[in-house]
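Subject: Structure handover

Hello,

Here is the structure for you to take over. Please open it alongside this note. My findings follow below.

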Amino acid sequence: MEKIHNTLRDSPVARWTALILLALTMFFAYMFIDVLAPLSTQLETSLKWSPDTFGAVAGSEYFLNVFVAFLIFAGIILDRIGVRRSAILSGILMVIGASIKLYGISDHFNAGGFGYDFFNSFWTGFPASAKVACMGFAIFGCGVEMAGITVSKGIVKWFAGKELALAMGLEMAIARLGVFSVFRLSPYLAEQGGITLSVGVGTLLLLIGLLSFSVYFFFDKKLDSQTDSLRTASDPEEEFKVSDLKAIFTSKTFMVVAGLCVLFYSAIFPFQKFATGMLESRLGMTTVEAGNLFSYFPIGAMILTPFLGWFIDHKGKAATMLFAGSLLVIICHLIFAITPVENFTFAVALGAIILLGISFSLVPAALWPSVPKLVDNKVLGSAYSIIFWIQNIGLMLTPILIGWSLKVSNPGVAERILAGEDIKYNYTVPMLIFAAFGVAALALAFYLKVLDKKKGYGLESPNIRK
Ligand SMILES: NCCCC[C@H](N)C(=O)NCC(=O)O
């Protein structure tokens, strides 16, 4: 007689609830990531953060992940201690990091509070507030990236063989909603109570995220106990060994995916930090207006990503989507870079933002559910962590490069703004750099399609097999 083994993951209510709990934390985490993004203008006047300081703070999110290789350890930790414990650890790191960043930009600290004299005593060209903000953001960055790989592995755990790409698409959609919300909320809160209020609210929301991960803990525990009791002696769980990582590093296809990931995301996330300033400059808008206009970007991605996930689950075509997404990112950045002033209207900017939103749906929807097709489940956490690590190198360096290129392509502008003049930066060079990342991503996406055809990874095949 055929035995039917039901676990929690076979219950749609349970697995979608697990997804909501994981995604809610990512919603708050993505809000915090960009809480300062729409405030570059205020930061320049109130805390004396020039574009390169702003870029360095934005890039600091990735310092520890990259230089201390925290992300690699996070992947190993995840594969060893499992999803639920890793989730709690990442949530705690995010709250600690956010609180330090909040302290660094607070009036209390900047009026000479605890540690101010010390942080003001060295490298005086870089404000003390920015130094502390960098420290906090780097710790937060460890937490958020660890949360990212944990959530990805968690979703595979609950949805493998089921609606995997849809679930990942929905999780990302909820995260994009976080970005949309923060681009609306942060300038408003800053207007009401200053930058500290924006960051303070963001920190509080992260505490709620930690709570959500804590509730998830019990779902995960129950699922594991059910899975363990179903496992037979002849079918033991495969143990993770650090030596298994060799297979990841030596896989050419995996490295192509990682390269595509770093190039594509370098043209997206760092751009998010500079987009408001660029729109203010190109369209002569206020910060609030530019933040509102740019908020259509994550909203577009939010709406489309789950549909594309559903499409990949049922029809496949992930490699083609990676190619199309990379092409769109080039077109969009070129529109921002080279459209003459007289033609760069609100409608043109909105059109480019919508295109970018489509691109930002195609690539993430296709990329992340493709990883389990390339590596073994026992090293999946590490595989995600290695891709994230390589991606983080780009995400850390790009804002620094962009901030620097903005400064050197606009000689004297930072000084004139600090002296109170109402002039704007020219963003042509930074936007061309973003477009160049897109070109390189496109080349890798093409190569990936070739490799997939040759080696048969099934990247173009649906996830759900009938
Ligand atoms: N500044 C945002 C960093 C999130 C990066 C993360 N490693 C990631 O790639 N997440 C997937 C996504 O599409 O958001």
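First, a term: a residue is near a molecule if its C-beta atom, placed from the backbone, lies within 6 Å of it. By that rule, the residues around the ligand are Ile 33, Glu 145, Gly 148, Met 172, Ala 175, Tyr 265, Phe 269, Pro 364, Phe 388 and Gln 391. Helix H9 (128-159), helix H10 (164-193) and helix H19 (380-408) each give two or more residues to this shell. Helices here are DSSP runs (H or I, at least four residues), numbered from the N terminus. The shell has seven nonpolar, two polar and one charged residues. Ala, Val, Leu, Ile, Met, Phe, Trp, Tyr, Cys and Pro count as nonpolar, Asp, Glu, Lys and Arg as charged, and the others, Gly among them, as polar.

Two notes on the source. This is a predicted model: local features need pLDDT of at least 70, side-chain atom pairs count only at pLDDT 80 or more, and totals for chains, interfaces and linings use all residues. Residues are numbered from 1 along each chain as its sequence is written.

Next, helix packing. Axes are lines fitted to C-alpha atoms, for helices over the stretch in contact, and angles run from 0 to 180 degrees between N-to-C directions.

- H10 and helix H16 (residues 296-314) pack at about 175 degrees, with axes 7 Å apart. That makes H10 roughly antiparallel to H16 (angles over 145 degrees count as such). Their contact residues divide into 18 nonpolar, three polar and two charged.
- Helix H1 (residues 12-33) and helix H11 (residues 195-230) pack at about 160 degrees, with axes 8 Å apart. H1 and H11 are therefore roughly antiparallel to each other. The contact of H1 with H11 has 16 nonpolar, five polar and no charged residues.
- The axes of helix H6 (residues 83-105) and H9 come within 7 Å and cross at roughly 160 degrees. H6 is thus roughly antiparallel to H9. Here the contact residues are 20 nonpolar, ten polar and three charged.

Met 255 and Asp 228 are 27 residues apart in sequence and 33 Å apart in space, C-alpha to C-alpha.

Best wishes

How values were computed. Parallel < 35°, antiparallel > 145°, perpendicular 65-115°, else oblique.
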